[in-house]
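Welcome, and thanks for joining this walk through a structure in your viewer. Keep the selection tool at hand, and we will go from stop to stop together.

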Amino acid sequence: MVVALVASVALAASAQARAKASPESVSDGLQTTSATPAAEESSDSSRSGIKSYPLCVVGSWKLQKDSFKIQFFSDVSTRIPFSSRGGIVMVLRPDGKGSATYKNYVSTGTYQGVGLSTKINGSEQFKWTATDKTLDYKYTKVSRTIVAKFGSQSDTSTDHETKERGGYTTIKCTGNVMTEKYSDGTVTWVRTDEFGVY
Amino acid sequence: MSRRYGRLAGAAAVVVATTLAPAGVAAADTPTNHAAAVAQPSVVYIEVHWRGWVRDTKTGEVFGGRTGYELTTRCSGFFAAPDGTIVAPAHCVDPGKDGVLPLFHAKVIDELAAAGRISTMDKGRKKLAATTALEGAKAKSPVIRDIFVQSGPAVVPASADDAMLAKVVSLTARNAGDVAILQVTEGRQPALEVASAPSAGTSVVLIGYPASSRTSSALLPSVTEGNLGGGIEVGELSGGVVVDRQGRVVGLVGASTEGGTTPAGGPKLAILPTTAITDQLDSADVDAGPGAADRNYRHGLDKFYDGYYSAAIKYFDATIAAIPGHGLANEFRAEAIDLRAKNGDATDWTTIGMFTAAGLIVVALLVWLVIGLLRRRRRDQEAPARMDEPVVGEPSGV
């Protein structure tokens with residue numbers, strides 16, 4: 001009787017071994033999980049509405065110096081050289097809006113040995129576009145008070161004219177310095193960290 | 001995904017002097033070879049292509065131009081379930097501050113610095129982090145992220161022609177675990193088991209794809225031997241998979257909990273514990289672990305290394321039927337056919353012994369039964385007549 005029991009166990013083990021020697025059938029239930037990604041899959045899409053401008057131009061600029069020629073007298077057509085230092089802060093925003101604030105902006109020149117000067121306070125608002133080499137702007141709002149002096153004489157005027165005003169300058173912007181050139185003058189700006197600096 | 005392993009090229013670029021693929025008699029059944037052969041088909045190369053724009057939420061300025069900034073992150077990972085569930089380090093796929101966001105910021109800072117708009121790098125990084133958002137092609141849309149997954153020899157750079165596309169199911173950020181669950185949906189995949197509590201000093205094998213940006217038509221994973229608990233160098237194998245000698249996952253190379261970054265901007269790496277992996281799998285409700293095809297493959301490997309090529313081929317056939325793209329199963333099968341033709345199958349002394357023993361036992365049982373029957377018959381013939389039977393003899397006298 002003992003012998004018979006051992007034999008049945010051995011045969012059972014053998015059958016189990018044979019069963020194990022066969023590959024399992026593959027019936028995994030494949031599942032997919034819906035993703036909730038914090039990013040999207042996409043391919044060839046570009047961002048529309050991006051304004052094209054050189055990064056250097058955006059920011060807050062303080063007038064370092066400028067030199068220009070203007071017709072100072074209404075009855076004298078001669079364009080007289082003037083120069084100035086400081087007194088204007090210009091901000092060029094990335095949305096294409098700009099502003100300039102005049103605070104005791106004084107320009108000086110001479111005519112026939114007599115000193116000339118202008119002092120401007122006020123502000124301008126404008127829209128601008130730029131490339132690496134040009135800056136275009138168009139005023140949307142101007143509010144300036146101009147005091148002009150010729151010797152001991154002086155004249156005060158206000159300037160609210162915006163119609164048809166604007167300009168085109170060639171620029172060179174390298175880091176913290178931007179130079180504008182136009183037909184009658186040159187302006188040098190230095191960057192401040194008031195806007196656009198990280 | 002129609003690549004095929006080159007002849008014997010399923011072998012990893014082995015750091016230690018071993019080969020994974022069956023190279024004739026050179027395919028010694030060392031613990032490293034065996035563990036790597038089990039695990040390697042489940043180890044994947046992940047390449048993430050990012051495209052995004054950085055928008056200053058205060059000024060509205062958008063950095064990145066019309067086409068945006070492009071970045072690529074690379075790491076390894078592994079299939080944790082036959083349904084295509086992948087475990088990978090989160091920092092590889094995370095668009096947030098613990099992922100690629102600092103890399104996008106670095107690109108912005110480079111541009112701003114060139115334009116004179118950075119005061120100091122440190123201030124710049126902090127201000128960008130505080131005031132900007134990473135976006136896709138539309139304002140407030142998610143950054144564009146394409147996750148390409150490849151197993152076996154990988155094509156670099158990846159594309160949809162050669163790779164599967166994955167989605168992120170869930171992730172725990174770099175500083176809180178650094179594990180992400182990804183999902184591909186291209187049929188059954190070879191999956192690994194995650195060991196519960198590996199002990200320090202366990203002999204392990206680290207398998208992972210190098211984070212190389214060099215173009216390659218067949219980037220292979222490296223295989224490194226070592227010991228768990230400081231006895232293995234993780235290098236820059238982000239997402240490298242650490243397996244024990246049974247091919248079970250005992251760790252994943254992810255961001256070190258000590259923090260810090262590498263010169264390339266990535267996190268310093270360390271081996272993440274399996275609890276971080278299992279927690280993430282559980283939270284994503286993943287039915288993790290190998291499937292029948294994986295068990296067939298492992299049986300096939302066992303048979304192959306024992307020299308039972310016919311049996312191995314049978315198991316590899318079953319594996320390939322379930323997972324046609326199983327590169328190593330195909331390679332081992334081809335080699336098993338060659339070796340069987342050359343050497344024949346090994347003699348299965350265990351099975352032979354078992355059947356012989358069973359046969360002997362059956363014979364012994366029959367002999368015992370026959371002897372018993374004969375003895376019984378003899379006893380019956382020699383037994384005296386019973387007393388109640390009528391006696392036939394001489395009549396009594398009168």
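Before the first stop, one term: two residues are in contact when they have heavy atoms within 4.5 Å. Please also keep in mind that this is a predicted model.

**Stop 1: S203 in chain B**

Select S203(B), which belongs to strand β11 of chain B. Which residues is S203(B) in contact with, leaving aside its neighbours within four places in sequence? They are G226(B), N227(B), V243(B), D244(B) and R245(B). S203(B) and P31(B) are 172 residues apart in sequence, yet their C-alpha atoms are 9.2 Å apart in space.

Is S203(B) buried, partly exposed or exposed? Its relative accessibility is 26%, so S203(B) counts as partly exposed. The cut-off behind that step is that buried means under 20% relative accessible area and exposed means over 50%, with partly exposed in between.

**Stop 2**

Strand β13 of chain B, residues 222–227, runs antiparallel to β11(B) and is joined to it by six bridges. To see one place along this pairing, pick L206(B), which stands opposite T224(B) in β13(B).

Strand β14 of chain B, residues 241–243, is also antiparallel to β11(B), here with three bridges. Pick I207(B) this time, and you will find V241(B) of β14(B) opposite.

**Stop 2: two backbone details in chain B**

Go to the loop between β8 (154–156) and β9 (164–172) of chain B, and select P157(B) there. Look at the peptide bond that leads from V156(B) to P157(B): this bond is cis, with omega near 0 degrees.

Then move to the loop between α4 (274–283) and α5 (292–306) of chain B, where D285(B) is found. D285(B) is a residue other than glycine with a positive phi, near 60 degrees. With a relative accessible area of 67%, D285(B) is exposed.

**Stop 3**

Take L369(B) as an example: it lies in helix α8 of chain B, residues 349–382. Its relative accessible area is 42%, so L369(B) is partly exposed.

**Stop 4: chain A as a whole**

Now hide chain B and look at chain A. How many helices and strands are there in chain A? There are one helix and ten strands.

Chain A has 198 residues, of which 36% count as buried. Its accessible surface comes to about 11700 Å², with 50% of that belonging to carbon and sulfur atoms. Among the contacts in chain A with a separation of 6 or more, 52% are between residues 24 or more positions apart.

**Stop 5: N104 in chain A**

Select residues 97–111 of chain A, strand β4, and find N104(A) there. N104(A) is not a glycine, but it has a positive phi of about 55 degrees. It is partly exposed, with a relative accessible area of 44%.

**Stop 7**

For the last stop, select strand β8 (residues 166–174) and strand β9 (residues 177–182) of chain A, which pair in the antiparallel sense over five bridges. K172(A) stands opposite T179(A) in β9(A). These strands form a hairpin with two residues between them, and in the turn G175(A) has a positive phi of about 70 degrees.

Follow the chain onward: another hairpin, again through two residues, joins β9(A) to β10(A). These two strands are antiparallel, with six bridges, and K181(A) stands opposite T186(A) in β10(A).

Finish at T188(A), which lies in strand β10 of chain A, residues 185–192. T188(A) counts as buried because its relative accessibility is 10%. Beyond residues up to four places away in sequence, T188(A) touches K62(A), L63(A), Q64(A), K65(A), V177(A), M178(A) and T179(A).

How values were computed:
Residues numbered from 1 in each chain as written. Chains lettered and ligands numbered in written order. Predicted model: local features only at pLDDT ≥ 70, side-chain atom pairs only at ≥ 80, totals over all residues. Heavy atoms only, no water. Helix = DSSP H or I, 4+ residues; strand = E, 2+ residues; numbered from the N terminus. Buried < 20%, exposed > 50% of the residue type's maximum accessible area, 1.4 Å probe, protein only. Pairing = 2+ DSSP bridges. Areas by Shrake-Rupley, 256 points an atom, 1.4 Å probe, with all protein chains shown as cover.
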